[in-house]
Amino acid sequence: MDTNFKTELEGLKNAFEEALSAYLEQTHFEPKILDESIRYSLLLGGKRLRPVLMLACAQMLGGKAQDVLPLAIALEMIHTYSLIHDDLPAMDNDDFRRGQPSNHKKFGEGQAILAGDALLSQAFSICIEECKKGRTYINGVSEICKNAGPYGMVAGQAADLFYQDGENVGKSVADFIVLNKTAKMIQSAVVVPAYIYGVDENIRSILEQFAVNFGFLFQITDDILDVEGSFEKLGKTVGKDAKENKMSCVNLYGMDKARELAEAYKENCLKFLGELPFECSFFESLVQYVRSRES
Ligand code: GRG
């Protein structure tokens with residue numbers, strides 16, 4: 001990994017971790033078990049990909065981390081709620097997340113459902129507070145709400161659950177699932193700063209297309225890692241897609257084609273970045289990093 005990129009990535013991640021810690025220091029929930037289970041999942045140590053994307057995009061557009069940090073926290077809270085609910089027996093039924101017991105294994109299913117509910121509601125409270133900063137923030141927050149709900153991640157998860165056994169799933173259903181379940185949250189991360197700084201519609205559209213392709217690249221890599229990755233590096237159970245015949249790009253297209261597709265989405269990402277009138281070397285390296293990631 002390029003040293004400059006690594007330093008920048010760590011810097012953005014640390015800026016987010018500090019803001020999240022500061023937020024959690026002044027926030028306490030009752031009863032104690034709710035507080036504990038929320039903190040457990042929020043601080044379990046994910047990649048923080050969405051907050052990093054949001055901070056990097058704000059910087060690229062000439063803004064400051066402080067402008068977007070509260071919304072980056074809100075987005076990571078929504079992401080964390082989705083992982084807690086996804087791990088439940090009624091959904092993906094996974095006992096591990098980020099190398100540790102999933103929320104419901106530690107606190108029980110009822111508390112896990114409530115921790116997810118609480119994270120989603122609290123994320124929206126943060127969003128409402130940010131809307132007080134003005135019209136451009138309202139536009140950014142609308143994007144987060146739309147992409148998290150029934151026009152976004154929830155729709156993708158509903159389709160994924162419905163077509164769970166992977167039978168009769170064609171490309172259009174598979175694309176619908178990946179677009180909504182994975183790419184839309186990534187889209188929020190990239191596009192929210194564009195709304196906040198009121199950038200030109202053409203630029204926003206290029207950023208949106210970059211984000212969608214990045215989302216597909218991220219998901220296909222995830223599917224490949226489910227076959228080729230390890231529990232030690234990923235922190236979650238591997239081999240589930242094949243074992244349970246789940247909808248995944250590898251099950252649908254085969255490994256060779258999945259790799260080809262990942263390359264094609266990577267090239268699309270780089271093409272859209274090339275159309276932006278900004279210095280985007282961090283994003284270019286991030287694309288390469290996601291393509292070759294092992295964790
Ligand atoms: C429960 C409404 C609802 C949605 C769940 C996030 C999700 C939707 C399902 C998890 C399964 C999955 C493969 C989702 C695709 C996106 C993805 C790979 C999420 C994991 O994100 P990472 O790798 O996680 O960024 P960390 O742990 O690094 O934060």
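Me: Ala, Val, Leu, Ile, Met, Phe, Trp, Tyr, Cys and Pro count as nonpolar, Asp, Glu, Lys and Arg as charged, and the others, Gly among them, as polar. In this predicted model, how do the residues of the shell around the ligand divide?
Reply: The ligand is surrounded by 18 residues. Lys47, Arg50, His79, Arg98 and Gln219 are the closest. Sorted by type, the shell holds five nonpolar, seven polar and six charged residues.

Me: How far is an N or O atom in the side chain of Lys47 from an oxygen atom of the ligand?
Reply: A polar contact needs N or O atoms within 3.5 Å. His79 has a polar side-chain atom 2.8 Å from a ligand oxygen, and for Arg98 the distance to a ligand oxygen is 2.7 Å. For the side chain of Lys47, the value is 2.6 Å.

Me: How much of the accessible area of the ligand does the protein cover?
Reply: On its own, the ligand has 700 Å² of accessible area.

Me: Which helix gives the most to the shell around the ligand?
Reply: Helices H4 (65-87), H8 (153-162), H9 (171-196) and H10 (201-228) each give two or more residues. The top contribution is six residues. That helix is H4.

Me: How is H1 oriented relative to H4?
Reply: The axes of H1 (residues 3-25) and H4 come within 10 Å and cross at roughly 85°. Angles of 65 to 115 degrees count as roughly perpendicular. So H1 is, relative to H4, roughly perpendicular.

Me: How many residues of the contact of H1 with H4 are nonpolar?
Reply: H1 brings Ala15, Phe16, Ala19, Leu20 and Tyr23. H4 brings Leu69, Ala72, Ile73, Glu76 and Met77. No polar residue and one charged residue take part, and the nonpolar count is nine.

Definitions and conventions:
Residues are numbered from 1 along each chain as its sequence is written. This is a predicted model: local features need pLDDT of at least 70, side-chain atom pairs count only at pLDDT 80 or more; totals for chains, interfaces and linings use all residues. Side-chain values use heavy atoms; hydrogens and water are left out. A residue is near a molecule or strand if one of its heavy atoms lies within 4 Å of it. A polar contact is a pair of N or O atoms within 3.5 Å; within protein, one must be able to donate a hydrogen and the other to accept it, and residues adjacent in sequence count only if both atoms are side-chain atoms. Accessible areas come from the Shrake-Rupley method with a 1.4 Å probe; for residues, only the protein chains shown count as cover. Helices (H or I, at least four residues) and strands (E, at least two) are DSSP runs, numbered from the N terminus. Axes are lines fitted to C-alpha atoms, for helices over the stretch in contact, and angles run from 0 to 180 degrees between N-to-C directions. Angles under 35 degrees count as roughly parallel, over 145 as roughly antiparallel, 65 to 115 as roughly perpendicular and the rest as oblique. Contact means heavy atoms within 4.5 Å.
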